[in-house]
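I opened this notebook to record, entry by entry, what I looked up in one structure.

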Amino acid sequence: MSLVESPFSAATPGLVRNDWTRAEVAALFALPFPDLMFEAQRVHRLHFDPSEVQVSTLLSIKTGGCPEDCAYCPQAARYDTGVKAEKLMALDAVLAEARAAKAAGASRFCMGAAWREPKDRDVENVCQMVEGVRALGLETCATLGMLTAEQAQRLKRSGLDYYNHNLDTSPEFYGAIITTRTYQHRLDTLDHVRAAGIHVCCGGIVGMGEGAEDRAGLIATLASLPVHPESVPINMLVQIEGTPLMGEQKLDPLEFVRTIAVARITMPKSMVRLSAGREDMSEETQALCFLAGANSIFYGPKLLTTPNPERDRDMRLLDKLGLRPMDR
Ligand code: SAM
Ligand code: DTB
Ligand code: SF4
């Protein structure tokens with residue numbers, strides 16, 4: 001199907017829709033690559049300066065020992081991945097890392113904890129961290145697992161800007177990846193975060209052995225939430241020795257680029273983040289991701305427990321592409 005005949009070219013430019021069907025999303029995935037990229041660029045330029053990239057830095061504030069069974073995760077206690085369980089970091093140590101991230105050029109600081117769900121006491125500790133990081137002039141993000149409505153409200157009062165909680169994959173494939181909590185649990189947490197007035201950061205992982213219909217199912221689910229997530233991280237699976245997904249067939253990088261492009265087209269005003277997996281990605285693939293409408297990255301040599309490109313390597317890449325880090 002050429003774009004000229006496709007129903008998408010008839011869409012009002014820049015219109016934000018929350019009624020994307022699976023079939024429409026699958027049809028976008030199936031477009032000829034040049035048509036898909038053209039449409040992604042067109043939509044991207046309606047709402048964003050295409051030379052700007054938002055940079056977030058991650059810190060694992062509570063590493064390992066997690067009771068969940070997420071088949072991709074190095075921090076699940078049940079898999080022998082070599083990640084040691086640690087206690088929640090001290091406030092001072094977190095603030096020292098946030099200061100360093102700001103000095104290196106990050107605009108957002110994202111704190112991750114390997115919890116199924118935080119206890120109220122944990123939330124109080126994280127709220128202190130949020131207040132401290134905000135006082136440094138950084139945007140704040142946290143990813144702590146499932147939240148109750150009250151916990152989300154408490155985090156909002158501390159000044160938390162974003163909460164990351166991913167749907168990870170399609171509702172159909174989800175059960176092959178996680179059995180210790182349901183898709184509905186995830187949607188409930190997203191509702192609580194949204195109702196508390198915190199910006200939502202929600203995306204997923206590709207390259208887990210899912211089918212093309214699951215990638216379409218993930219994007220269709222995200223794009224038909226009542227309000228699109230402000231931030232949509234698209235992760236390429238980082239294969240971890242000891243996890244069930246180790247040795248899974250690698251996804252063709254062009255399918256990853258297509259996933260970014262479809263996220264951009266269906267969620268025109270959201271920041272689309274080229275997230276985990278950049279360490280093993282060529283500069284050419286990353287450049288295609290930016291062309292496809294990705295406008296955010298994790299910046300700094302470590303994600304939560306796995307490596308990410310060194311800062312100077314990323315700055316050289318952005319420079320080569322004529323891209324620049326976004327101010328807040
Ligand atoms: N424990 C909390 C939770 O699961 O919501 C917060 C931290 S958890 C590590 C955050 C997200 O990281 C997961 O939802 C998943 O999408 C992503 N992630 C974890 N391990 C990954 C891997 N090996 N490759 C790519 N993404 C991964
Ligand atoms: C997201 O979507 N990706 C980030 C962040 N949200 C928290 C996490 C990626 C983790 C990759 C594996 C690790 O470093 O442990
Ligand atoms: Fe635990 Fe989060 Fe890892 Fe799942 S993704 S095992 S909940 S840390």
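**Conventions.** I am reading a predicted model, in which local features need pLDDT of at least 70 and side-chain atom pairs count only at pLDDT 80 or more, while totals for chains, interfaces and linings use all residues. Residues are numbered from 1 along each chain as its sequence is written, chains are lettered from A and ligands numbered from 1 in the order in which they are written, and side-chain values use heavy atoms, with hydrogens and water left out.

**Tyr 72.** Beyond four places in sequence, I found Tyr 72 in contact (heavy atoms within 4.5 Å) with residues including Asp 168, Arg 186, Met 208 and Thr 243.

**Ligand 3.** Tyr 72 also belongs to the surroundings of ligand 3, together with Cys 66, Glu 68, Cys 70, Cys 73, Ala 76, Ala 114, Trp 115 and Arg 181, where a residue is near if one of its heavy atoms lies within 4 Å.

**Asn 235.** I located Asn 235 in strand E7 (residues 231–236), and Asn 235 counts as buried because its relative accessibility is 12% (buried is under 20% relative accessible area, exposed over 50%, partly exposed in between, with a 1.4 Å probe and protein chains only). Among the residues that Asn 235 touches is Phe 256.

How values were computed: Helix = DSSP H or I, 4+ residues; strand = E, 2+ residues; numbered from the N terminus.
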